[in-house]
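I opened my notebook to look at how two protein chains fold and meet.

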Amino acid sequence: MTADFLLSLAQAVTKGLLTGMVYGLMALGLSVIFGVMRVVNFAHGEMMVIGMYLAWLGFEYLEISPLVSLPAIAALFFAAGYALQRTLISPFIGRPEHQQFLLLLAVAILLVNGALAIAGPDSRGVQLDSQFDSYEVGPLVLDAVRLHAALAAIAIALLLWLFFARTRTGKSIRAAADNHMGALVVGLDVPRLYAITFGVGAACVGAAGALMITIIPVTPFLAGEYTLLAFVIVIVGGLGSMTGALAGGLLIGVSEAVAGLLLQPSLKSMFSFGLLILVLLLRPQGLLGKASR
Amino acid sequence: MNALRRLTGNCTPRTLWSLAALLLLLLLAPAFLGKYWLSVLILILYFAYVGQAWNIVMGFAGQLSLGHALYAGLGGYIAAGLFFHYGIGPWAGLFAAVAAAALAGAIVGYLGFRFSLAGVYFALLTIAFSEFTRIGFEHWSWAGGSGGLFLKVDAASNLLDLRGGPVMFYYVILALAAGALVLCRALLESRLGRYWLAIREDAEAAQAVGVPVLRCKMLAMVISAALTALAGVWNAFYYNNLFPETAFAMSRSIEITLAPIIGGLGTLFGPFVGAVVLTGLGEAFTDAGDALGIPGIKQIFYGLALLVIVMFRPAGVWPWLSARLGLGERTP
């Protein structure tokens, strides 16, 4: 173990942590939706890619940095998620899983091919002015772009936590998630709360997309990969647990970065899937999930 | 005769005559179909067969597997690899292929069911194993790695090596699809089949009345994986090439599930009807997409069609259609 190696390892870990925050934000959306409605959003990666494309469009044609257009994108995603839940998904709540799966698969196909039809198959990236800036922390060099994305992701996660912990709507959503019947009995408007939840979940993934585009360019073909990645993260962290999703994002981010350093890059997701299998078998509630599900 | 009566016992004469007519039509089809329509029919039968195999796990036993590409991929790779490297013909190779896939199915099933994973959790386990295997095959040089494995194309019909033209492949997949239909019917009428339905409806109640739940679920996985492996072997020799990123892809697994879900989960004829609907739509949209020349437009039509079907016929097309046509298949 040379000092050089340790330094590059530490560098990879930091890089993984920063990217992992954005992964965590993406997975948070999936986790919130599942935790409240027990619906698995099979279109999650597709939504992520749409978020990336919107941020790219804003940058390319309006010259707005993704970090600036992020609130608008999140708001748009909230509205779209709200509408999607109200119209398409709502009748499928409580239906057999394969029917929900087919519905969201259809949504996923429409989203990703809509992006393909409009933006084409070429990869689209954003060249920020801060592209090559970096901060030096001791011997470590932090990419400015990655650091900004990670900080923004942390801020959004905090906002989300405040929403669920402090606001009346957030508390009502948690009540509906804990006890659906009870929530109906005390007079909560559960369908509306579900629509808000789906909107919030969608806003998370839209925001994550806007951040991700500053790190890597987007193609429609990333969508399936992101859906799988989000699944891996939430299962490893604990499906339905907010801190679990963030921790899972960090863990997968770091493991990808370290595996990319130590192994061939093409082997890096093997580690994630191996971890997924182990967690499913040994601790299906996830590393940070509650024991009963 | 007794066995035949058990198989056809509660079908109406109308159902039996329709089935016989359909079989006759399919047997004669290559005589009057052009190359294009034959290839469409081949695709339909392939999806009907592989859907039938998947239907055993999900439709009968109620376990959602989204990783069936694993068994098709393993089967195809092993038979093709044995042929490519050692000249071992597919009829011998398929024993190894089926054994490997059945073993993989047993491992995934045992782990999933033993640790009582259900629903989405089980589905994710099956996906994880398929993806894991995909990456493994991308780095396995015997199987050609990520560059793929290619079989020599030989137009001369040679059933022994499964080399030849589309007509031969048509009859092979027709035999498989018809055989799977009969097998599934027999399975459903057997004690095991009744156990599966009991588990699907309420696993805890089934356990309570003494159904060996774990063993029955395992059998569903093993039988389904073995049948799926045959589809993989056929597929590999029909297309003459294999790539890990398509053979084990999640999209391949999803493709396998669509025909039975669209046709009617748990019904015997659903996979066939679903395959007709999906392949028909796919071909029609390919033409429309080519005419419009916009990338992805075909898939957009396809997605819209799926959306319409799942919204208006969530239980599948066949249960509704069979009632309309007066064709009796008791939906178990």
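These are my entries, grouped by topic.

**Ground rules**

I am working with a predicted model, where local features need pLDDT of at least 70 and side-chain atom pairs count only at pLDDT 80 or more, while totals for chains, interfaces and linings use all residues. Residues are numbered from 1 along each chain as its sequence is written, chains are lettered from A and ligands numbered from 1 in the order in which they are written, and side-chain values use heavy atoms, with hydrogens and water left out.

**Entry 1: where the chains meet**

I began with the contact between the chains (contact means heavy atoms within 4.5 Å). It takes 42 residues from chain B and 39 residues from chain A.

Next I looked up the buried area, which is the accessible area (1.4 Å probe) that two parts lose on being put together, summed over both. Between chain B and chain A it is about 3700 Å², and carbon and sulfur atoms give 84% of that.

How many salt bridges did I find between chain B and chain A? The count is 0, where a salt bridge is a side-chain nitrogen of Lys or Arg within 4 Å of a carboxyl oxygen of Asp or Glu. For polar contact I noted 1 residue pair between the chains, both at pLDDT 80 or more. A polar contact is a pair of N or O atoms within 3.5 Å; within protein, one must be able to donate a hydrogen and the other to accept it, and residues adjacent in sequence count only if both atoms are side-chain atoms.

Which elements give two or more residues to the side of chain B that touches chain A? I listed α6, α12 (250-263) and α14 (297-312) of chain B. Of these, α6(B) gives the most, with 13 residues. My helices (H or I, at least four residues) and strands (E, at least two) are DSSP runs, numbered from the N terminus.

**Entry 2: A:Asn113**

I found A:Asn113 in helix α4 (residues 97-119) of chain A. Is A:Asn113 buried or exposed? A:Asn113 counts as buried because its relative accessible area is 8%; buried means under 20%, exposed over 50%, and partly exposed in between (1.4 Å probe, protein chains only).

Leaving aside neighbours within four places in sequence, A:Asn113 is in contact with B:Pro295, B:Gly296, B:Gln299 and B:Ile300. Its side chain also reaches the backbone oxygen of A:Ile109 at 2.8 Å.

**Entry 3: B:Thr133**

I then turned to B:Thr133, which lies in helix α6 (residues 119-138) of chain B. B:Thr133 is at 17% relative accessibility, so I wrote it down as buried. A polar atom of the side chain of B:Thr133 lies 2.6 Å from the backbone oxygen of B:Phe129. Not counting residues up to four places away in sequence, B:Thr133 touches B:Leu70 and B:Phe248.

**Entry 4: a hairpin in chain A**

Strand β1 (residues 134-137) of chain A and β2(A) pair in the antiparallel sense over 4 bridges. Two strands pair if DSSP finds at least two bridges between them. A:Tyr135 stands opposite A:Leu142 in β2(A). The hairpin has 2 residues between the strands, and A:Gly138 there takes a positive phi near 60 degrees.

Which residues make up the covered face of β2 (residues 140-143)? I noted A:Leu140 and A:Leu142 on that face, with A:Val141 and A:Asp143 on the uncovered one. In a regular strand the side chains alternate between the two faces of the sheet.

Just after α10(B), B:Asn240 takes a positive phi of about 65 degrees.

**Entry 5: salt bridges**

Over all chains, the structure holds 6 salt bridges. These are some that I looked up:

- B:Glu189 forms one with B:Arg194, the closest N and O atoms being 3.1 Å apart; B:Arg194 counts as partly exposed at 41% relative accessibility.
- B:Arg200 pairs with B:Glu201 at 3.0 Å between the closest N and O atoms, and B:Glu201 is exposed, with a relative accessible area of 57%.
- B:Glu255 and B:Arg252 meet at 3.6 Å, N to O; they are 3 residues apart in helix α12 of chain B, so about one helical turn separates them.
- B:Glu131, B:Arg134 and B:Glu138 are linked in a network.
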